[in-house]
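Have the sequence and the model open as you read.

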Amino acid sequence: MKKITTLLLLISISSISAIQAQTYINGFINTNTTWTTAGSPYVVNGNTLLSNGYTLTIEPGVVVKFDTNRTLQIDGELIAIGTFQNRIKFTSNKVSPAAGDWGEIHFSNTSTQAVFNSNGDYLSGCIMKYCEVMYGGNSLGYGQIHLENSSPYFSRCTIIYSSQAGIYSNGTSYILDSSMVSHCGRGLVFNLSCIGVIIKNDSIINNTGVGIWVNGLACNSVVQNNYFYGNDYSALNFDNTVNNVTITGNYFINNISRSSVYGVLHASGSNIVTTNNYFINDSSALGNSIAWVDGTVSGNSFINNTSDGNILHVSSATVECNLFRSNVIRQFGTSILNGSASNCMIRNNLFDGNNSSYSVSVTDLQGVTCSSCLGYFTHNTFKNNSFPLGSCCKFSNNVNFAPSMVIDSNNFINNTVTNVVYENLFVQSMKHNNFSNPNSQYELYNNIPYGSPNISADSNYWGSTSSQHIDSAIYDYFDNGALSVVYYNPILTSSVSIDTSCIPGILANIAEKNNNDFYSNSFPNPFSISTTIQFNRELKNAILKIYNIYGQKVKEVHSINSNSINVQRENLTDGIYLYLIIEGEKRIANGKLVVN
């Protein structure tokens, strides 16, 4: 009996201690303050304001809970630095939490800006690191975290389940790196004027509005090495004209563009560079594009995307060294590549295995009305595309009478199309191209009217040296007297070698579809220390290969004989990786890993 009484007493004391550990917070914080694990959880039961000139420090492992509609405003300096093992949590105080339970963490224009050294290392100022922020963002504000002309630093944070934006920024920018923003009304929202946006190594996942929306003029911005997955309406949208923006090394996977205004990626303006990104299994509706960008578009991979508009739309751009593979254009669509032909450089791209059952083209390029414009379409390869009611290349809508296109050293092989090249745009030269498309009606369809400049298409390889074959492969004046003439002599007797060495290769091959009978899944993902890749059956002497975003192999594991494998982070830096599973010298699965 005494033992039972003692036990009950200990339970009672323990319960009292737990109750006493809870700390209620409201009103002004007018002194330097530390929230400790001993005082955790802290319950914000009234709106709380950290006054200008004071610092609030939150220890690793502290939990901060908010009652309904309650907010925390930072007019001073917030130092919330957790660790991977002991993250700081900002969450709802309800037993069954839901998005919108509480208000926001508000950084005002007097909050202390984050300061960095010349190497980009954090020195001082407001910071949230290894923090989790969830179930906020009610109608009191515009986001779960609201920045008003303030610039804190966010690193390795998880921002989820906001009924509005995960982070809303008005009038200024901030640095967000190695963090995840997921299941929010919108991921990140910027309302600014000529201010730089820096978003690196983040995961923008399953947001029901836009992944990242930049409203206003964005200058000198960088969006690098991020993972955009499952976002609705748009993954990354610069809503207005931008200047000096770099979008590089990102993955856009399984995003959907439902809006008639935005694509999965939209960025138009000047000095825009879009390089080495991967667009895989994305979808766009209502006549929109997977990517709508200006400037330099280089080294990107567009794989297994589906669009009611275009896969890529460009204007006055350099489009080079990109891969377009296994994309589908649906009804109301236009083309795989669409945009301005004059003053464009379209070169060294590979269009492989794309298809559409509608009257659209692989590329559809329009000219403009200047008399001195000149576009270059060179060293591209088109193979195995199926557009039976369309063309591989359509050049059209130029109103001036000056030659405006150079079509040189392109490869057109085994495409199923009505016309390989449909020409309604005046050509300066058309040489050194390979035409070998037995499933096409015409290799070259000339729709330029009689009396306009003729087309000089000499020094091309037509798959045969027979004049009868070449005449049957060209539609021009001799088929319709209302058209100009195509001159094709002299002809080449052998095919031209086309250099495609700059086309993305390794990761593009990895990103192809899995074996339909086999699948894999990794959890947790993103991860910081380790993750487990689970398979739907037991592997037999399989190999795991992991590649970084540059296609470099960074890890390899042999002799896998189980239905799962644990992957340790070890020397992997923060970023996005693709893994490949090989069994019996056959690739059976691939997937994505995010390390943060």
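The link of Cys321 and Cys502 is left-handed, with -95° about the S-S bond. This is a predicted model: local features need pLDDT of at least 70, side-chain atom pairs count only at pLDDT 80 or more, and totals for chains, interfaces and linings use all residues. Residues are numbered from 1 along each chain as its sequence is written, and side-chain values use heavy atoms, leaving out hydrogens and water.

**Disulfide**
- A disulfide is a pair of cysteine sulfur atoms within 2.5 Å; the count by this rule is 1.
- The sulfur atoms of Cys321 and Cys502 are 2.0 Å apart.
- Cys321 sits in the loop between strand 38 (318–320) and strand 39 (323–325), and Cys502 in the loop between strand 56 (486–487) and helix 3 (506–510), so the pair ties together parts 181 residues apart in sequence.
- Helices (H or I, at least four residues) and strands (E, at least two) are DSSP runs, numbered from the N terminus.

- Buried means under 20% relative accessible area, exposed over 50%, and partly exposed in between (1.4 Å probe, protein chains only).
- Cys321 is buried at 12%, while Cys502 is partly exposed at 31%.
- Cys392 is in no disulfide; its nearest cysteine sulfur, that of Cys393, is 5.8 Å away.
- Cys392 is buried, at 0%.
- Cys184 is buried too, at 2%.

- An open sheet of 4 strands runs in the order 28-32-36-40, with parallel pairing.
- Two strands pair if DSSP finds at least two bridges between them.
- Strand 28 (256–257) and strand 40 (328–329) are at the edges, each with a single partner strand, so one side of each lacks a neighbour in the sheet.
- Strand 28 joins strand 32 (residues 283–284) through 2 bridges.
- Ser257 stands opposite Ser284 in strand 32.
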